[in-house]
Amino acid sequence: MRRRLYYLLPDAPSARKIMDDLLLARIEERHIHFVAKAGSPMEGLHEANILHTTDVVHGAQQGALIGAALGCALGLFLVYFVIPDPSWHVPAVVLASLLGAGFGLWTSSLAGAAVPNSRHKGFAADIAAGKFLLIVDVPEHKVNEVHELLARIHPEAVDRGVEVNVPVFP
């Protein structure tokens, strides 16, 4: 299980130094991400991708659930009013649910890709002011170690919390 740590950093040099220190602490680069306002210098930093900066993952999850429920309802409608053969009832409901989940996942992830990440709303003003947001995913047993390291070496880094049960992707 991984935990997602958030830190606000004042500028690009501080972000680069923290990136180096996290790499030396054996945090893989693929688990370290930075978000900054458009046009900020990101050389030497691992920039957050669309999965981190938008609500595509949240949208896909919600769409799959809602689509599956609506597909199941459609399947039940088909079973009771359209399909007379009982041997096709279960496959019809399962297939309609799967198709609904797939369609909901697809459409909601497209919509979510156009929306900023709702988890980052609290950081929007700071990012717009030129600060850098560090997002680092660490194993549960290393959370305290990373907190202590950054508190000791980088007092300018403002701890903005830990998120539990996050989707971890490169």
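The questions and answers below concern a predicted model.

Reader: Which element gives the largest share of the largest nonpolar core?

Author: The largest nonpolar core has 21 residues, and L9, L22, I32, F34, L134 and V136 touch the most other members. Two or more residues come from each of β1 (2-9), α1 (12-24), β2 (32-35), β3 (132-139) and α6 (143-153). The largest share, five residues, is given by α1.

Reader: Which residues does L22 touch, not counting residues up to four places away in sequence?

Author: L22 is one of the core residues that touch the most other members. In general, nonpolar side chains in soluble globular proteins tend to be buried together. With residues up to four places away in sequence not counted, L22 touches I27, I32, L134, V136, V146 and L150.

Reader: How many residues does the other core have?

Author: Another core lies apart from the largest one. Among its members are L8, V35, I127 and L133. The number of residues in this other core is eight.

Reader: Are α1 and α6 oblique or parallel to each other?

Author: Two packed helices are described by the angle between their axes and the distance between the axes. The axes of α1 and α6 come within 11 Å and cross at roughly 140 degrees. Angles over 145 degrees count as roughly antiparallel and those from 65 to 115 as roughly perpendicular, with angles under 35 as roughly parallel. The two helices, α1 and α6, are therefore oblique.

Reader: What is the handedness of the crossing of α1 and α6?

Author: The crossing brings I18, D21 and L22 in α1 into contact with V146, L149, L150 and I153 in α6. By class, this contact has six nonpolar residues, no polar ones and one charged residue. The crossing of α1 and α6 is right-handed.

Reader: What is the phi of R26?

Author: R26 lies in the loop between α1 and β2. Most residues other than glycine have a negative phi. R26 is a residue other than glycine with a positive value, and its phi is near 70 degrees.

Reader: Is R26 buried or exposed?

Author: The relative accessibility of R26 is 73%. The cut-off for an exposed residue is over 50%. R26 therefore counts as exposed.

Reader: What distance separates the C-alpha atoms of A125 and V94?

Author: A125 is in helix α5 (residues 124-128). With a relative accessible area of 61%, A125 is exposed. A125 and V94 are 31 residues apart along the chain, and their C-alpha atoms are separated by 46 Å.

Conventions. Residues are numbered from 1 along each chain as its sequence is written. This is a predicted model: local features need pLDDT of at least 70, side-chain atom pairs count only at pLDDT 80 or more; totals for chains, interfaces and linings use all residues. Side-chain values use heavy atoms; hydrogens and water are left out. A nonpolar core is a set of buried Ala, Val, Leu, Ile, Met, Phe, Trp, Tyr and Cys residues joined through side-chain atoms within 4.5 Å. Buried means under 20% relative accessible area, exposed over 50%, partly exposed in between (1.4 Å probe, protein chains only). Helices (H or I, at least four residues) and strands (E, at least two) are DSSP runs, numbered from the N terminus. Contact means heavy atoms within 4.5 Å. Axes are lines fitted to C-alpha atoms, for helices over the stretch in contact, and angles run from 0 to 180 degrees between N-to-C directions. A crossing is left-handed if the near helix is turned anticlockwise from the far one by less than a right angle, and right-handed if clockwise. Ala, Val, Leu, Ile, Met, Phe, Trp, Tyr, Cys and Pro count as nonpolar, Asp, Glu, Lys and Arg as charged, and the others, Gly among them, as polar.
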